[in-house]
Amino acid sequence: MRFSRSMLTRAGVGLAVGAILTTGSVLAEPATGPVAPPPVPALDSPLQLGSVSVEGNKRVPAADILAAFGYHDGQNVTRAKLADAQKQVATLYQSRGVGADLGEQLHISANKVDVKLLMREHDQRTAEAGTAGLIVDKVAFEGNRKVPTPALAAATTLQDGAAISDQALAADEVAIEKVYRENKLGAQIQPQVVYPNHDNHLVLVWQIREQSPRSDGE
């Protein structure tokens with residue numbers, strides 16, 4: 001999937017989007033040792049939306065943010081749909097000329113998900129700084145079942161500890177698409193950036209939706 005606006009700085013406004021996933025479960029008995037967290041549901045696994053809240057917004061009203069997000073309590077969603085909804089919030093911020101780091105905190109328990117939209121709005125000086133000095137702490141691939149992660153990592157240039165730019169991000173997206181074409185496969189590719197420490201260090205997650213094998217005539 002090609003993006004006309006950067007995942008790092010959208011049209012110079014300075015928007016960064018990402019998600020933080022947490023999982024939870026209720027234990028029937030007290031745990032006697034470390035308990036591994038439940039697995040994170042796949043991008044297309046059905047979930048019921050429990051609640052949606054907004055935190056950190058000052059220049060854009062919460063009502064407008066929720067309207068752009070588009071989903072409300074009780075609706076059926078997937079992680080992929082929530083990621084798309086977050087982009088609609090980013091578009092809203094762009095239309096208002098407000099730069100921000102936009103995050104989704106997803107708390108998933110069984111088949112229910114609670115969403116907190118986290119806003120860190122920029123002042124003008126922060127917006128003008130753009131992507132300068134952004135460092136990739138980790139690169140991950142999600143959703144790739146037919147193409148192994150080592151093959152995708154070998155084809156891309158952004159690695160742990162690398163400086164990231166819009167150009168490098170776009171080049172790696174093209175490289176991933178090429179790997180899928182060479183394997184006669186189709187895929188929708190979505191880069192997602194997460195700022196876990198709210199600084200210039202980020203985690204880059206390539207979210208991939210694989211499609212049916214391509215025919216020789218394509």
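**Reading a predicted fold, feature by feature**

Mentor: The protein has 5 helices and 8 strands. Helices (H or I, at least four residues) and strands (E, at least two) are DSSP runs, numbered from the N terminus. This is a predicted model, where local features need pLDDT of at least 70, side-chain atom pairs count only at pLDDT 80 or more, and totals for chains, interfaces and linings use all residues. Residues are numbered from 1 along each chain as its sequence is written, and side-chain values use heavy atoms, with hydrogens and water left out.

Trainee: What pattern does the protein follow along the sequence?

Mentor: The pattern reads β-β-α-β-α-β-β-α-β-α-α-β-β. Contacts then show how the chain folds back on itself. Contact means heavy atoms within 4.5 Å. Of the contacts with a separation of 6 or more, 67% are between residues 24 or more positions apart.

Trainee: How much of the protein is buried?

Mentor: Start with the cut-offs. Buried means under 20% relative accessible area, exposed over 50%, and partly exposed in between (1.4 Å probe, protein chains only). Buried residues make up 40% of the 218 residues here. The protein exposes about 11300 Å², by the Shrake-Rupley method with a 1.4 Å probe; for residues, only the protein chains shown count as cover.

Trainee: Which strands pair with β5, and in what sense?

Mentor: Two strands pair if DSSP finds at least two bridges between them. Strand β2 (residues 47–55) and strand β5 (residues 112–121) run parallel, with 7 bridges. Look for Ser51 there: its bridge partner in β5 is Asp114. Strand β4 (residues 100–109) runs antiparallel to β5, and 10 bridges join them. Ala100 bridges to Glu121 in β5, and Glu104 stands opposite Leu117 in β5.

Trainee: Why is β4 called largely enclosed by the rest of the structure?

Mentor: Count its buried residues. In β4, 7 of the 10 residues are buried, so the strand is largely enclosed by the rest of the structure.

Trainee: Which residue in the hairpin of β4 and β5 takes a positive phi?

Mentor: Ala110 does, and the hairpin has 2 residues between the strands. Its phi is about 55°, although Ala110 is not a glycine. Ala110 sits in the loop between β4 and β5. At 69% relative accessibility, Ala110 is exposed.

Trainee: Where is Lys184, and what is its phi?

Mentor: Lys184 is in the loop between α5 and β7. Its phi is near 55°, a positive value in a residue other than glycine. Lys184 is partly exposed, with a relative accessible area of 43%.

Trainee: What span should helix α2 have?

Mentor: The expected span of a helix is 1.5 Å times one less than its number of residues. Helix α2 (residues 79–96) has 18 residues and should span 26 Å. Its end C-alpha atoms are 26 Å apart, which agrees. After α2 comes Gly97, with a positive phi near 70°.

Trainee: Which residues of α2 are buried?

Mentor: First, the geometry. An α-helix has 3.6 residues a turn, so residues three or four places apart point the same way. Now the case: buried residues in α2 include Arg79, Leu82, Ala83, Gln86, Val89, Ala90 and Tyr93.

Trainee: How many aromatic pairs does the count come to?

Mentor: A pair of aromatic rings is described by the distance of the centres and the angle of the planes. Rings of Phe, Tyr and Trp (its six-membered ring) pair if their centres lie within 6.5 Å; planes under 30 degrees apart count as stacked, over 60 as edge-to-face and the rest as tilted. The count is 1 aromatic pair. The rings of Phe69 and Tyr71 have centres 6.1 Å apart and planes at 80°, so the pair is edge-to-face. Phe69 is buried at 2% relative accessibility, whereas Tyr71 is partly exposed at 23%.

Trainee: What joins the side chains of Gln192 and Gln207?

Mentor: A polar contact is a pair of N or O atoms within 3.5 Å; within protein, one must be able to donate a hydrogen and the other to accept it, and residues adjacent in sequence count only if both atoms are side-chain atoms. The side chains of Gln192 and Gln207 make one of 3.2 Å. Gln192 lies in strand β7 (residues 185–194). Gln192 is buried, at a relative accessible area of 6%.

Trainee: Is Leu169 buried or exposed?

Mentor: Leu169 is buried, with a relative accessible area of 5%. Find Leu169 in helix α5 (residues 166–182). Leu204 is 35 residues away along the chain, and the C-alpha atoms of Leu169 and Leu204 are separated by 9.5 Å.
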